[in-house]
Amino acid sequence: MIALLLLLVGCAPSPGPTELPARAQLLRASLDLRGVPPLDVDLDAIEDEPELYADFVERWLHDPRFGERVRVIFDMRYRMRTGRTDLEAEEFGLEQSELAASLADMPLRLLSHVAEADLPFTDILTADYAIADPSAAAVLGLGLSRPGWHPARWLDERPAAGVLASSSLWMRYPSTGGNANRARANALARILLCDDYLQRPLSFRPNALEDNADPEVAIAEQPGCRLCHASLDPLAAHLFGFWSESDDDPIPLYRPEREERWRDYADLPPSWFDERTTGLAELGERIADDPRFARCTVRAVAEGLLQREIPDPLELEHHAEAFVDSGLRLRSVFRSILLSPEYGELGAEDPEDDARRGWKLVDPAQLGARIEALTGYRWTRDEVDLLTAHGSRMASLAGGTDALAGSKPNWTPSVARVLVQERLAWLSAWHAVGADLEGEGPGLLDRIETGQRPEDEPALFALQCRRILERVRGVPLPGDSDEPEALVQLWKQAWSMTGSERSAWSAVLAAALRDPQLLLY
Amino acid sequence: MPRPTRRAFLGTSALATLGLPFVRGARAATPGQRRFLFFFAEGGWDTSQVFEPRFGGGVDMPPDTFEGNAHGIPFTAGPDRLGVARFFERWGDRTCVINGLDTHSIGHGAGTRFVLTGGTSDALTDWPTLLASEGQGDMPMPHVVFSGPTLPGPRGSVVVRGGGGELVELVDGSAVGSADRPAPVLQRPLDALVDGFVLDRAAVLREGAEGRAGEQSAELLDSLERAHELEARRVEAGLELDGGSLLDRARRATELLRLGISRCAMIRIPGRWDTHGNNTPQGPQFDSFFSTLDQLLDGLAITPGDTMPRLLDELVIVCLSELGRTPRLNGGGGKDHWPFTSAMVVGPGVAGGRVVGASDAGLLPETIDLRTGRPSPSGTLLGAEHLGAALLKLGGLDPAQHLQGVEVLDALLA
């Protein structure tokens, strides 16, 4: 491992600590907090003064792009960004994808708003407002017209319960008649408490279920069923204000007259651990007071940042303490993790720790941002960004969350992921080279001029290839590296095959942009 | 010490892989050489519609149906499911039905995880991924998921999701032509040269890495090599062929398996199986599926295999669903989730003409002897983990290495 680290910074392998080099750690922090790589000037600064790392973290925690990273991380749990909505967007004068994206982001925007405003994170459960844009507001009657995302008051009588009172959350998690809001209640437990009832192993023995039993009777009476339903059904009973009577009622707006409909289904009143509650607003407060909510929040951030499952709360104790000490400000969790030893290490002496501390893999948005920072190219089709659009299959193939299928991000390399990188590398190389040859590009071809040939200028071509590799990798190349010469040979072969200067340089740049290190960070 | 890479093993270079020959042996197919095609009915199928004919008891059976039997396998027959009857009559001797399978869950997500991995942990790997990653040979797409669930756990690098659409565009490079700012497709000889540079770079990274980073570097190198080989063999694989029907996808999948490009494939069985509101679509959906299986097996019977004269004798078909459905209809004419389900396995090494596992007149399972598959008061309640252990054994893996302490459902095996 050490050998690899030193190879990356251009040094010979030798024994030493396992910390990431300062530049690599800064890249990691920048991608995690802003979704984009650092500027060259920042990389140079951290190399000169590694102790500046904490300052960079602090600055980037207040970067305008931090909110989107919060939304990306929490969508791994909320699974809102499906790219779909059952509503007819045309009825509201909107594009289907536009409406789907606006509705999907409403709960996530509330989370990022609370985080960026440094409010207690429990506000996501008690807020008496939503965060909406004009598209979502038009559908939900929020009375907001100015562009962008802003706090907006609900115009109905819904309780002040933050995401619990979000109609768009209940559009994402509907409930069929017989289900009686149980799926919704489980979504809350999974998202907010990290307690997925459907992940609980059940052991139905044949004699545990009476032959021909009515499921509702079994749920109420059988011990094996009551184990879950005794707490799930009272949670579900809080949600009948958003109950849809039929398919003709597709928008789960709040209707106070339906609050009591739980009596028609499970007949268990709204309560929290056997204590009757007054309704959804109190449920929000009870969840906010539950230590599991804070622990689950920390776990969501840690799993997103460290890219592994962390079911053991003891492992997160330090970060949880930081969260509590800050008055439950979300930035404190990010800060605690980014400044922790684990985050900055690529290995450890202890085998168990060593198995956890490896490279991170860029998500589709981060990959797109890294390539764009180098070449200025973004991959769109029909004006849709293939790596960031909600529900994009290309993003899913590149390892992103598939919110509709409920699958988590893929945190391992895969064939599809490298194929996405390959095609994006070629596209961006083709356009960057084309622009550079006309003197209007990102300046990756900053040493050669049109018409020059390697036979005439071998040293110049080798230097240009070296500079391309260094720009892409962000680190100096070892002086004796044979890679520049390999790229020169690639240029010659591409030239002989195509007779095109643009094709030859595009092949060289694409080869550099397909560097495995662009997938790892 | 770095393990040998696929590239070293294959002895390939960037250009050499432009035309990889297929090497066919004359050996008999061993368990390790068997390929697996998984079908999955997402939503929870109603086992009484085919696998568990329970007339005169506590199960609401579909109207106008009766109990049929072929090759010793009882099934629900009727005028609206002739495809089911035809399948069992023609292929029942190669088919084993598993009933009373405990999924330990009444939720789709958890049921899927149990049925495919035998447990609840996110770290567990599903049966097809395990079979693909641990099987013999070195394939560019070890497990291809056309549709349906995949739970690769830590073995994501052997899984390729999406057997058509975007994946095809990525493999053949046409994705670059449909961008708003397009580029000409990079032609294969030049593409292969670029691949060569990237593979060399990845190999250097791999050699210098240890621990978890070393594993990741190796996985990345593997992925690059598999992608490179896949690009070279895309025409053989028929990836360009598109087709919307289940039979089209199944045939494309079996071609990938035949060519040694993949060892396992997963395809979702079309239809709405989560029939809470109306249970009637289950029958026609089953009939359509069995008709497709019948046609697929017809094709396998006349397709040469890799090590056997017929692909039919190399390919195992596994049909699963994450849940069953309640014996009785609910008030809306639908059936709700039931924690016991059925499965079906067809192919070489399978004890054909056999029903393994048992359930009573109300679809409640009985304990069985895992060696015989028959009811036994002192036996075991059949779980998805026992079936999984048998599938691993069928594929030449040692179940004990992956499912410690789990008994194998030996009754499934010939």
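In the predicted model, R423(A) is joined to E231(B) by a salt bridge whose closest N and O atoms lie 3.2 Å apart. The count of salt bridges between chain A and chain B is five, and the interface of these two chains also holds 17 residue pairs in polar contact, with both partners at pLDDT 80 or more. On the side of chain A that touches chain B, at least two residues each are supplied by α1 (2–8), α17 (351–356), β5 (380–381), α19 (393–397), α20 (415–437), α21 (458–473), α22 (483–498) and α23 (501–513). The largest share of this side, 11 residues, is contributed by α20(A). By residue class, the side of chain A that touches chain B is made up of 42 nonpolar, 12 polar and 17 charged residues. In total, 71 residues of chain A are in contact with 74 residues of chain B, and the area buried between the two chains amounts to about 6300 Å², with 65% of this area given by carbon and sulfur atoms.

Within chain A, helix α16 (residues 330–338) is largely enclosed by the rest of the structure, because eight of its nine residues are buried. The buried residues of α16(A) are L330(A), R331(A), S332(A), V333(A), F334(A), S336(A), I337(A) and L338(A). The elements that cover these buried residues include α2 (22–34), α4 (53–61), α5 (66–78), α6 (96–116), α14 (291–306) and α15 (317–325) of chain A.

Salt bridges were also examined beyond the interface, and a search of the whole structure finds 61 of them over all chains. One of these pairs D44(A) with R23(A), the closest N and O atoms being 3.3 Å apart. Since D44(A) belongs to helix α3 (residues 40–48) of chain A and R23(A) to helix α2 of chain A, this pair ties together parts that are 21 residues apart in sequence. D44(A) is partly exposed, with a relative accessible area of 39%, whereas R23(A) is buried, with a relative accessible area of 12%.

A further salt bridge is formed by D105(A) and R81(A), for which the closest N and O atoms are 2.8 Å apart. Here D105(A) is located in helix α6 of chain A and R81(A) in the loop between α5 and α6 of chain A, so that the pair ties together parts 24 residues apart in sequence. D105(A) is buried, at a relative accessible area of 6%, and R81(A) likewise counts as buried, at 12% relative accessibility.

In the salt bridge between D446(A) and R467(A), the closest N and O atoms are separated by 2.7 Å. D446(A) lies in the loop between α20 and α21 of chain A and R467(A) in helix α21 of chain A, and the pair therefore ties together parts that are 21 residues apart in sequence. D446(A) is partly exposed, with a relative accessible area of 28%, and R467(A) also counts as partly exposed, at 27% relative accessibility.

Beyond these individual pairs, a network of salt bridges links R308(A), E315(A), E342(A), E345(A), D353(A), R356(A) and R357(A).

Methods: Residues are numbered from 1 along each chain as its sequence is written. Chains are lettered from A and ligands numbered from 1 in the order in which they are written. This is a predicted model: local features need pLDDT of at least 70, side-chain atom pairs count only at pLDDT 80 or more; totals for chains, interfaces and linings use all residues. Side-chain values use heavy atoms; hydrogens and water are left out. Contact means heavy atoms within 4.5 Å. Buried area is the accessible area (1.4 Å probe) that two parts lose on being put together, summed over both. A salt bridge is a side-chain nitrogen of Lys or Arg within 4 Å of a carboxyl oxygen of Asp or Glu. A polar contact is a pair of N or O atoms within 3.5 Å; within protein, one must be able to donate a hydrogen and the other to accept it, and residues adjacent in sequence count only if both atoms are side-chain atoms. Helices (H or I, at least four residues) and strands (E, at least two) are DSSP runs, numbered from the N terminus. Ala, Val, Leu, Ile, Met, Phe, Trp, Tyr, Cys and Pro count as nonpolar, Asp, Glu, Lys and Arg as charged, and the others, Gly among them, as polar. Buried means under 20% relative accessible area, exposed over 50%, partly exposed in between (1.4 Å probe, protein chains only).
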